[in-house]
Structure formats: C-alpha cells, structure tokens
Amino acid sequence: MKPCHVKELLAASVDAEVAAEILRHLFHCVLTTDKSILLDLVPQGRHRVRVRKDAQRWFYFCPHNPTGHYSLDLTSPPDRAILEHLLVLSFIQKCITETRKRPDTS
C-alpha cells in the first residue's frame, strides 16, 4: 500500500476518529521509508496523539537488527505487526540453525 492510497481513504472518512482508526490499522502496511508523513494526515487533536502513541514502537523497530526487549500491546495493530515480524524472523533463524546443525541458543 502506498501513502497516496491511505490519503484517499482518510479523505473519504467521515470524521477524525474514523481517520485515526484507519491509520492505526494500516500504518504498518504502507510501503515507504518515511512513515512520519502519514502522521500529518490525521487532523490535530487527541486522535493524532493516539495514532502517534500507537506508531511510536513501529518507528523504533528495526527488522534488520531486532535485538532487544520488546513490551508490546497486542491491542495495537502496529504492535501486532512487530510481533508478526519477530515470529517470522525467529522461525527463519531456527531453520537456518537446524540446517547448519548448530545448537539452539534461544
């Protein structure tokens, strides 16, 4: 999904609350290197604050080097996307380890 698609959906939304929910659920699906531009699409106010709060962990998540401790709220769509990434990466790492006949160090 491209930012222009999200922009069209938000433009067609009835009010700021619906726009915020759309963005919360689609934020992690947008293919762009600068996702901060999406945050400007939600009108000012409490809805924008909520979207920013939900998207915060997604900004700091690095799928190329996902080391660290994660405290995720699974009611948040971006946090669920992070969990999905971590599960896939863990599975891939397990397969590589088994193929190379190395011990599981997880």
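Reader: Let's start inside: at what relative accessibility does Leu23 count as buried?
Author: The classes rest on relative accessible area, computed with a 1.4 Å probe on protein chains only: under 20% is buried, over 50% is exposed, and values in between are partly exposed. Leu23 counts as buried because its relative accessibility is 0%.

Reader: Good to know. What pLDDT do local features need here?
Author: Residues are numbered from 1 along each chain as its sequence is written, and side-chain values use heavy atoms, with hydrogens and water left out. This is a predicted model, in which totals for chains, interfaces and linings use all residues, side-chain atom pairs count only at pLDDT 80 or more, and local features need a pLDDT of at least 70.

Reader: Which helix holds Leu23, and which residues is Leu23 in contact with beyond its neighbours within four places in sequence?
Author: Helices are DSSP runs of H or I with at least four residues, numbered from the N terminus, and Leu23 is found in helix 2. A contact means heavy atoms within 4.5 Å. Leaving aside neighbours within four places in sequence, Leu23 is in contact with Val6, Leu10, Leu38, Leu39, Val42 and Val51.

Reader: Which residues have the most contacts inside the largest nonpolar core?
Author: Such a core is a set of buried Ala, Val, Leu, Ile, Met, Phe, Trp, Tyr and Cys residues joined through side-chain atoms within 4.5 Å. The largest one has 17 residues. Helix 1 (3–12), helix 2 (16–26), helix 3 (36–39), helix 4 (46–60) and helix 5 (77–99) each supply at least two residues of this core. The residues with the most contacts inside it are Leu23, Phe27 and Val51.

Reader: Which residues of helix 2 are buried?
Author: The cover over the buried residues of helix 2 includes helix 1, helix 3, helix 4 and helix 5. An α-helix has 3.6 residues a turn, so residues three or four places apart point the same way. In helix 2, the buried residues are Ala19, Ala20, Leu23, Arg24 and Leu26.

Reader: And what does Val51 touch, not counting residues up to four places away in sequence?
Author: Val51 is among the residues with the most contacts in the core. With residues up to four places away set aside, it touches Ala20, Leu23, Arg24, Leu39 and Val42.

Reader: Which residues does Val6 touch under that sequence limit of four places?
Author: Val6 lies in helix 1 and is buried, at a relative accessible area of 0%. Its C-alpha atom is separated by 20 Å from that of Arg46, 40 residues apart along the chain. Not counting residues up to four places away, Val6 touches Met1, Leu23, Val30 and Leu41.

Reader: At what angle between the planes do Phe61 and Tyr70 pair?
Author: Rings of Phe, Tyr and Trp (its six-membered ring) pair if their centres lie within 6.5 Å; planes under 30 degrees apart are stacked, over 60 edge-to-face, and the rest tilted. The whole structure has 1 aromatic pair. Phe61 is buried, with a relative accessible area of 8%, while Tyr70 is partly exposed at 28%. The two rings lie 5.8 Å centre to centre and are edge-to-face, with planes at 70°.

Reader: How much space lies in the largest pocket?
Author: On a 1 Å grid over the protein atoms alone, a pocket is an open set of points where a 1.4 Å probe fits, with protein on both sides within 12 Å along at least five of seven lines; lining residues have an atom within 4 Å of a point. The volume is the space filled by probe spheres set on the points, which are joined across faces, edges and corners. Here the space is about 280 Å³.

Reader: Which of the residues lining the largest pocket are closest to its centre?
Author: The lining divides into 2 nonpolar, 5 polar and 5 charged residues; Ala, Val, Leu, Ile, Met, Phe, Trp, Tyr, Cys and Pro count as nonpolar, Asp, Glu, Lys and Arg as charged, and the others, Gly among them, as polar. Of the 12 lining residues, the closest to the centre are Gln93, Lys94, Thr97, Asp104 and Thr105.

Reader: Which lining residues lie nearest the centre of the second largest pocket?
Author: That pocket holds about 240 Å³ of space, and its lining divides into 7 nonpolar, 4 polar and 2 charged residues. Of its 13 lining residues, those nearest the centre are Thr33, Lys35, Trp58, Phe61 and Pro63.

Reader: One last thing: what is the phi of Lys101 near?
Author: Lys101 sits in the segment after helix 5 and is exposed, with a relative accessible area of 75%. Most residues other than glycine have a negative phi. The phi of Lys101 is positive, near 55°.
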